[in-house]
Amino acid sequence: MAVRACGLIIFRRLQPAPSSKVTDSIEYLLLQTSYGSHHWTPPKGHVDPGEDDLQTAFRETQEEAGLQASQLTLIEGYKKELHYPVHGKPKTVVYWLAEMKDCNTEIKLSEEHQAFQWLKLEDACKFAEYEDMQAMLKEVHQFLCSRE
């Protein structure tokens, strides 16, 4: 049985400079774990009994980043499953895409994380070491660009 986790890729839009493209003003939220290799990841976590996947994603985001569902807008049309082994066991992580309603909302980390960063796509991909995470961030960015 694969371990199942769910999370949200959270982005915010800054006020773009007059000369820049709208998509240049998008930043993604990554959290740095306070355990293991201190890797960077969007907020995510294991599904609790009785929860559906999306409930898990919102609960974990509240626990790990201090963001309430009411502070986010879920973006229709994007959902991605990543599959990879953890300690030799298969793991599935389902991500949705959500935009901050107010780009200045404070992030409040739990003990599970020691830092957070708002990053433009290129930097987010550098921080996210895993290839499938980098590919997902690029895919999300393309998805957002195509909606402009």
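This is a predicted model: local features need pLDDT of at least 70, side-chain atom pairs count only at pLDDT 80 or more; totals for chains, interfaces and linings use all residues.
**View 1. Arg 13 and Glu 99 meet in a salt bridge.** The N to O distance between the two side chains is 2.9 Å, and the pair joins distant parts of the chain, with Arg 13 in strand S1 and Glu 99 in strand S6, 86 residues apart. Glu 99 has a relative accessible area of 18% and is therefore buried.

**View 2. Glu 27 forms salt bridges with Arg 12 and with Lys 120.** For Glu 27 and Lys 120 the N to O distance is 3.8 Å, and Lys 120 sits in the loop between strand S7 and helix H2, 93 residues from Glu 27. Glu 27 counts as buried because its relative accessibility is 10%, whereas Lys 120, at 36%, counts as partly exposed.

**View 3. Glu 64 of helix H1 is buried yet has no salt bridge.** The nearest side chain of opposite charge, that of Lys 44, is 6.6 Å away. Among the residues that Glu 64 touches are Leu 31, Pro 43, Lys 44 and His 113.

**View 4. The largest pocket holds about 560 Å³ of space.** Of its 25 lining residues, the closest to the centre are Tyr 35, His 39, Lys 44, Tyr 84 and Lys 91. The lining divides into 11 nonpolar, seven polar and seven charged residues.

Conventions. Residues are numbered from 1 along each chain as its sequence is written. Side-chain values use heavy atoms; hydrogens and water are left out. On a 1 Å grid over the protein atoms alone, a cavity is a set of points where a 1.4 Å probe fits but cannot get out, and a pocket is an open set with protein on both sides within 12 Å along at least five of seven lines; lining residues have an atom within 4 Å of a point. Grid points are joined across faces, edges and corners, and a volume is the space filled by probe spheres set on the points. Ala, Val, Leu, Ile, Met, Phe, Trp, Tyr, Cys and Pro count as nonpolar, Asp, Glu, Lys and Arg as charged, and the others, Gly among them, as polar. Helices (H or I, at least four residues) and strands (E, at least two) are DSSP runs, numbered from the N terminus. Buried means under 20% relative accessible area, exposed over 50%, partly exposed in between (1.4 Å probe, protein chains only). Lys and Arg count as positive and Asp and Glu as negative; His and the chain ends are not counted. A salt bridge is a side-chain nitrogen of Lys or Arg within 4 Å of a carboxyl oxygen of Asp or Glu. Contact means heavy atoms within 4.5 Å. Lists of a residue's contacts leave out its neighbours within four places in sequence.
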